[in-house]
Amino acid sequence: MDRFWTASAWAHRLAGDLLDLLFPPRPAEESLRELLPPFCFRCSAPGFLLCPSCQEILPAFLWARAPYRYFGAVKQGILELKYGKQIDRVPWLADLLEIGFRTYAASFRWDALVPVPLHPVRERSRGFNQAAEIARELGKRQGIPVKKVLLRVRPTPPQAALPRSERRSNLAHAFRPQRNFDLAGKNLLLIDDVITTGATVRECAARLCELGAALICVLAVARS
Ligand SMILES: [Zn+2]
């Protein structure tokens, strides 16, 4: 009888191991998909060298990067924060943003982190601006001040729904600088949760450039 149970337990374990081999357990972290080359060296769109949008008009930012693709656990976390109002997702998303910071931004000297603004009406209904929340967490960890120097003056429909030709006019004059911080000669890192088409951060960077910022780059948690 003992031998039967031993053999049975052994067979059970072997079956379990075989199943694990065929269908590996997938912890949440495994569904993180890193942003890997090839991508546009300015805006990180998939492809080589310089994407069509950047060829058409070179962005005012030097580079826009994210450590991860907008996929799996990252996408889930961002959606939970934005639409589920799960503010407790902020530290984890800031962890991911910080990975991007160490990879792409740590060798620069930043004067400020600038969160991409939400329209005030949307911010009031959501209760917070997710970009500002993750920027504040990163700023605290890296000792960089967060400056809300842009104001979103026009609510805009989601960019992804529009053809490329309409995205720029959709966003023209959507942002206005707040005259609460002298940007002249400053190195600024724009922060957003996700870069979808890149049109929003292009528009924000253009406004910061007009105000005399010396260097503008963009860091997000995820890139579509
Ligand atoms: Zn590009």
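**The zinc site**

Mentor: The 4 donor atoms around the zinc ion subtend angles of 100 to 117 degrees, so their arrangement is tetrahedral, a label given to four donors if all angles lie between 85 and 135 degrees. Donors here are N, O and S atoms within 2.8 Å of the metal (3.2 Å for Na, K and Ca), and water is not among the atoms, so sites may look incomplete. Please keep in mind that this is a predicted model, in which local features need pLDDT of at least 70 and side-chain atom pairs count only at pLDDT 80 or more, while totals for chains, interfaces and linings use all residues. Residues are numbered from 1 along each chain as its sequence is written, and side-chain values use heavy atoms, with hydrogens and water left out.

Trainee: Which residues coordinate the zinc ion?

Mentor: The SG atoms of Cys40, Cys43, Cys51 and Cys54 coordinate the zinc ion, at 2.3 Å, and along the chain the donors follow the spacing C-x2-C-x7-C-x2-C.

Trainee: Are cysteine 43 and cysteine 51 buried or exposed?

Mentor: Both cysteine 43 and cysteine 51 are buried, where buried means under 20% relative accessible area, exposed over 50% and partly exposed in between (1.4 Å probe, protein chains only).

Trainee: And where is phenylalanine 41?

Mentor: Phenylalanine 41 sits in the loop between α1 (2-22) and α2 (52-56); helices (H or I, at least four residues) and strands (E, at least two) are DSSP runs, numbered from the N terminus. Phenylalanine 41 has a relative accessible area of 45%, which means that it is partly exposed.

Trainee: Switching topic, how many helices and strands does the protein have?

Mentor: The protein has 8 helices and 7 strands, and 47% of its 224 residues count as buried.

Trainee: Which residues are buried in helix α4?

Mentor: In α4 (residues 90-105) the buried residues include Val90, Trp92, Leu93 and Phe101. The buried residues of α4 pack against β2, α3, α6 (130-142), β6 (187-195) and β7 (215-223).

Trainee: What does tyrosine 70 touch?

Mentor: Leaving out residues up to four places away in sequence, tyrosine 70 touches Lys75, Ile78, Leu79, Val194, Ala222, Arg223 and Ser224, a contact being heavy atoms within 4.5 Å. Tyrosine 70 lies in the loop between β2 (68-69) and α3 (72-82), and the C-alpha atoms of tyrosine 70 and valine 221, which are 151 residues apart along the chain, are separated by 8.3 Å.

Methods
Four donors count as tetrahedral if all angles lie between 85 and 135 degrees; four count as square planar and six as octahedral if opposite donors are over 155 degrees apart and all others between 65 and 115; anything else is irregular.
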